[in-house]
There are 2 protein chains.
Amino acid sequence: MDARRQETQARGETASPLQIDLARRILERMRDSGAGEGTRISAPELARAFGVSRSPVSAALELLMRQGVLKPMPTRGLQVARDLSDIVPHALLPRSPIEELYRRMMRERARGELPQEVSEAELMPRYDVSRGVVRKLLLRFAAEGLVQRLPGHGWRFVDTLVGEEAFRESYEFRMVVECAALRSPNFKANPAQLTPIRRAHERVLKDNGRHVGGDEWFRINAGFHENLAGCSGNRFLTDAVRQQNNLRRMQEAAGYDELPAKRIEQSCREHLAILDAVEAGDMEWSEALLRQHLRQAAQFGQAVEGASGKRSSTARA
Amino acid sequence: MDARRQETQARGETASPLQIDLARRILERMRDSGAGEGTRISAPELARAFGVSRSPVSAALELLMRQGVLKPMPTRGLQVARDLSDIVPHALLPRSPIEELYRRMMRERARGELPQEVSEAELMPRYDVSRGVVRKLLLRFAAEGLVQRLPGHGWRFVDTLVGEEAFRESYEFRMVVECAALRSPNFKANPAQLTPIRRAHERVLKDNGRHVGGDEWFRINAGFHENLAGCSGNRFLTDAVRQQNNLRRMQEAAGYDELPAKRIEQSCREHLAILDAVEAGDMEWSEALLRQHLRQAAQFGQAVEGASGKRSSTARA
DNA sequence: TAGTGCATTTTGCGCAAATGAAAAGCAATA
DNA sequence: TATTGCTTTTCATTTGCGCAAAATGCACTA
């Protein structure tokens with residue numbers, strides 16, 4: 001057993017979803033924290049940071065080593081093998097089949113190809129997977145608040161953000177929550193938290209959004225809003241923002257409307273301006289900027305939605 | 001098969017959790033909608049209202065008939081058999097074992113007897129149930145946002161509301177969200193929605209909180225805040241309030257500190273005052289009242305928490 | 001026309017052993 | 001002292017089948 005396991009792992013044939021996911025997040029973390037060639041990587045530290053044991057972290061590091069991102073230290077341990085600033089995580093790391101399926105379901109739902117109410121038995125043949133897999137996927141959707149169990153049979157996707165209604169409501173909600181976060185009496189800008197965010201934004205601006213795919217920008221964007229709310233010190237405000245990000249991620253998955261580089265660039269600058277104001281401690285100005293930022297994003301989104309006839313397109317703020 | 005099923009059902013030995021739950025909700029619905037003796041009950045209408053098929057509704061109605069709450073019409077169908085205003089639903093309808101277990105888990109968690117992070121394997125022997133049941137329970141907790149899956153193994157309960165920190169944050173969050181709901185441009189007081197709420201409050205006042213247990217009051221209280229937010233027409237605001245209610249329900253489950261009847265009565269009056277203002281369309285005054293109401297509830301809760309040495313007691317607003 | 005009662009179909013849950021993955025423990029080392 | 005590499009232990013997922021329960025369809029009636 002042991003021999004066989006080592007063998008398959010060495011061939012790179014097996015890697016659990018968690019391991020792949022960790023590898024990607026580790027890569028992003030290293031890059032955004034400014035780690036350069038030769039930087040030593042500590043497995044226990046990563047395990048702590050991501051709330052898992054060393055086992056999956058070790059597997060993820062091995063994965064990264066096979067991809068040439070890491071290399072062994074002269075004596076023991078691992079170090080960064082190359083410059084990370086131009087790496088596209090998703091290109092380097094294959095998505096696990098289950099992750100792929102998750103995104104596919106999300107996309108089909110966002111496009112309306114998948115009905116709002118579904119049964120497990122309906123999904124099994126559709127995606128040609130076992131019930132266990134279906135349950136696992138639905139459970140994950142449920143954990144992100146994107147789907148709910150119906151009282152009797154079946155599951156129900158939450159109202160998506162398509163349509164003027166939900167779209168407007170979403171922005172109204174975000175405006176309320178995120179501005180409240182800035183106004184929170186306990187608000188405290190944490191440089192250790194915000195610096196990587198800022199760095200990521202600057203990286204986007206540097207290559208004019210050429211190497212920045214929609215996925216990447218979404219992650220950066222979501223991270224910005226979530227961490228900003230996080231500074232409020234109010235976990236409920238933070239959770240609410242995260243929840244909204246999850247919802248918008250589903251819309252994003254529809255894959256319509258690639259966001260124009262111009263728009264990304266502008267959002268980026270607005271984010272940086274907000275960060276400046278926050279770090280300078282000028283909360284009123286921060287709030288004004290944020291409010292304006294959200295309003296513009298909402299307008300942009302609605303414009304796109306109005307232009308294309310199809311149901312689509314939440315703008316990313 | 002068929003004969004056996006009818007037999008067991010006739011003996012009242014089997015009743016699925018859904019059926020029992022429906023029976024209780026139907027009872028509450030009839031009572032709060034002011035149905036008196038002789039009122040005819042329509043199964044399809046109830047099925048629509050609760051989003052299930054007629055099957056479990058029929059079973060629930062049969063259950064209520066066996067309890068003497070309903071009786072057959074002269075020709076066909078069912079009617080209310082007695083005055084419903086003094087009925088205590090929980091006393092009449094036995095909770096299903098799984099419901100009982102759910103509440104027990106919640107209570108033990110709220111009291112800190114159950115650790116914040118648990119594994120399924122740990123829970124199975126503890127409650128002497130199969131893995132399937134454990135999963136089902138955890139899934140339900142997850143659906144209410146009370147527990148989350150950890151990346152690797154195990155589940156993690158969300159931070160409870162005990163401790164000054166979380167308690168303050170919770171009220172800050174509610175203040176933000178609920179007041180925003182009242183200020184929402186699309187706010188629209190829906191009498192059909194608010195009248196049953198008002199009636200329930202008046203019932204509480206009428207018998208000075210004598211027959212109103214903590215459970216009952218919690219339900220009414222939660223319903224008030226949720227429906228009020230619901231009038232905003234913004235589903236995200238509504239969801240946020242519901243989520244807070246779920247959290248507070250867990251605190252409630254600890255079962256410390258029976259809320260004094262005086263306090264319930266006062267909250268009740270404050271709720272009614274808010275309803276008055278809302279229905280009169282005076283949103284500014286509504287908001288002022290609501291803000292004051294939440295502030296007082298927060299103070300009351302903190303006072304109790306400070307007084308009793310134990311970790312306990314979220315006040316109900 | 002909507003509601004009832006009954007029959008049929010569909011759906012999801014319960015159960016238990018085997019397998020794979022993550023957590024935890026431990027000695028060796030820089 | 002913290003980290004690494006390895007081993008052991010614990011944990012969760014997978015899989016398939018039988019059954020209970022919910023959804024659905026249909027004839028009949030007020």
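Predicted model: local features only at pLDDT ≥ 70, side-chain atom pairs only at ≥ 80, totals over all residues.
**Conventions.** I number residues from 1 along each chain as its sequence is written, letter chains from A and number ligands from 1 in the order in which they are written. Local features need pLDDT of at least 70 and side-chain atom pairs count only at pLDDT 80 or more, while totals for chains, interfaces and linings use all residues.

**Entry 1, DNA strand D.** I looked up what surrounds DNA strand D and found 31 residues, counting a residue as near if its C-beta atom, placed from the backbone, lies within 6 Å of the strand. The closest are A:G152, B:S16, B:S53, B:S119 and B:E120. I then asked which helices (DSSP runs of H or I, at least four residues, numbered from the N terminus) supply at least two residues each. Chain A gives α3 (43–50) and α8 (131–143), and chain B gives α2 (17–32), α4 (54–66) and α7 (120–127). The largest share, four residues, comes from α4(B).

**Entry 2, chain A against chain B.** I found 28 residues of chain A in contact with 28 residues of chain B; contact means C-beta atoms, placed from the backbone, within 7 Å. On the chain A side, α8, β5 (147–149), α9 (164–183) and α12 (235–253) give two or more residues, where a strand is a DSSP run of E of at least two residues. The largest share, seven residues, comes from α9(A).

For chain A I noted domain 1 (2–92), domain 2 (97–157) and domain 3 (164–307), with bounds from an automatic or database domain assignment. The centres of domain 1 and domain 2 of chain A, taken over C-alpha atoms, are separated by 30 Å.
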